[in-house]
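Me: Please take one part of this model and go through it closely. I would like the residues, their surroundings and some idea of where the coordinates need caution.

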Amino acid sequence: MSQKRDILDVMNLTLKDGGTSNGHTGTFKVKAGLAQMTKGGIIMDVTTPEEARIAEEAGACAVMALERVPADIRREGGVARMTDPKKIKGIMAAVTIPVMAKCRIGHFAEGQILEALGVDMIDESEVLTPADEENHVNKHDFKVPFVCGARDLGEALRRISEGAAMIRTKGEAGTGDVSEAVRHARTIRKQIKIAQAMDSTELYLYAKELRVPIDLLQKTSELGRLPVVNFAAGGLATPADVSLLMQLGVDGVFVGSGIFKSSNPPERAVAMAQAVTHYKDPKILSELSSDLGAAMFGVPVNQMNKFPTYSKQKSDTNNIWDATLGDPAKFPVNQAQS
Amino acid sequence: MPSALPVDSSKKDKLAIGILEVQGAFNEHHVALRKAQKCLNIPDLEIIGVRHPDHISDNMDGLIIPGGESTTISLFLKRNKMDEPLRKWINSKGHVTWGTCAGMILLSKQTENQKIGGQPSNCDTDDIYHGVFIRAPAVVEICSPEVTALATLDRSGSGQTEVIVAVQQGNMLATAFHPELTDDVRWHTHFIEMTCMAKRNSNV
């Protein structure tokens, strides 16, 4: 009977809480929810309003406003920084879909500027030159959601504990070689399965091994997936690459240099956007892959030693919780005596 | 009012609800529907993932158009020649449709003033119902007497006029917020109920 009454409540629903003054903005639920709305979609790197319009018209569910695409950053070298705000504004004015922008790792001031600009999401990205070798941005301080790169479950859950609302594989951006993205997607998937095979006691040790908060690991093992949206990124260049990663269980894909470094960007953009929805249907994929012109030329990851690599950089060293591992010698003496 | 619950078990054909799986939060709707099914104690509920024009058929009794990017979803529908079959399906008798957020935009006849304000204007509200609004549309004007407003968001506290956030027109339901992102499945149970009722009426 109470069920019936509840349904009537819904029918007569009136929210009388003073609207936005009492509504909570920028809660984690809303930030992670915005990421959930991009699921099953493709997010494209663009550098001009024209490219942004091509991406929107092709069916991208968001665009990433960049100064240079990763392939150019890789080739030209130099310090890569946040995009010129004027450029980001131009791109935001050109499209109605969400616009994301990148800030350097640990560079919370760039994050604050991007938040003030009103971008829909910030990518704290290893593609730009890191600004802080040890710390990432405390993303709980922001109302705008963040997406962060990860190579394994440990990195992913540490970023989530810092407030990331979305995770993507790091891959090897700007190469056109999808192997690193596959490795990272598989690693995360495998480690979640390992966690699920453990009993509740063993999980504590695994949390220490991964250097992650136990509650996040418990949640992940219960869900059998990351507790936030997980995209693939880094080196995707064809509709088949999209299908491969989607079948490995990611929620959607980022494509950086793969589109605007190919010979026919508008057609390739459409084909890759369609591939995200049709990833399970090889027949449609074969049509989508036909006659797209040359894919980006690319650099195979194993022939890349003269280029800087993103995924081989030393792992982040921050220990975010260490409560049980503290050094007893450093305890205040009089406290230990009493 | 005769109760729609539980579903008449003497009827052999089971309830089938489609979810438009083009882009967006369709898995969340799937999970919420299963939860609602449990609440309502319906033994048989088929959930169909709609990704291809062939998937749109009279076997479906209800259809959910999930939240996502309205631009992306509508382009996909046009490109895959799904827009006309969908429109026909939605307008046929006995078919119940529910659009959340982007789905609401797709069901509406006209939109204006898209996209004002970025992320900070997204909000969580709670009181009678916990609604999650993300880059959400709002109903500015109802242009037809057949449309009834189901829910409004009172913004008098901030000096703004109230906005309509849920509407119904016949067998079409549209909400600006995202019930699929919360644990509260009352909107999903209501939708299943509507679908049951429409199915029974069209079978009589």
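Reply: Ser257(A) and the annotated sites

Setting aside residues up to four places away in sequence, Ser257(A) touches Val69(A), Pro70(A), Ala71(A), Gly174(A), Ser262(A) and Met296(A) (contact: heavy atoms within 4.5 Å). This is a predicted model, in which local features need pLDDT of at least 70, side-chain atom pairs count only at pLDDT 80 or more, and totals for chains, interfaces and linings use all residues. Residues are numbered from 1 along each chain as written, chains are lettered from A and ligands numbered from 1 in written order, and side-chain values use heavy atoms, without hydrogens or water.

Ser257(A) lies in helix 12 of chain A, residues 257–260 (helices are DSSP runs of H or I, at least four residues, and strands are runs of E, at least two, numbered from the N terminus). With a relative accessible area of 3%, Ser257(A) is buried (under 20%, 1.4 Å probe, protein chains only).

An unreviewed UniProt entry gives "binding site" for Asp45(A), Gly174(A), Gly235(A), Gly256(A) and Ser257(A); such annotations may be inferred rather than shown by experiment. These residues span 213 positions in sequence, yet no two of their C-alpha atoms are more than 12.2 Å apart, so they gather at one spot.

Asp45(A) sits in strand 3, residues 42–46 of chain A, and is buried at 5% relative accessibility. Beyond its neighbours within four places in sequence, Asp45(A) contacts Met64(A), Leu66(A), Val69(A), Pro70(A), Val255(A), Gly256(A) and Phe260(A).

The unreviewed UniProt entry also places "active site" at Lys102(A), a residue of strand 5, residues 99–104 of chain A. Lys102(A) is buried too, with a relative accessible area of 5%. Its contacts, leaving out residues up to four places away, include Met64(A) and Leu66(A). A polar contact of 3.0 Å joins the side chains of Lys102(A) and Asp123(A) (N or O atoms within 3.5 Å, one able to donate a hydrogen and the other to accept it; residues adjacent in sequence count only if both atoms are side-chain atoms).

As to confidence, chain A averages a pLDDT of 84, and 83% of its residues score at least 70 (the predictor's confidence in each residue, 0 to 100). Residues 1–22 of chain A stay under 50. Where pLDDT is low, the predicted coordinates should not be read in detail.

How values were computed: Buried means under 20% relative accessible area, exposed over 50%, partly exposed in between (1.4 Å probe, protein chains only).
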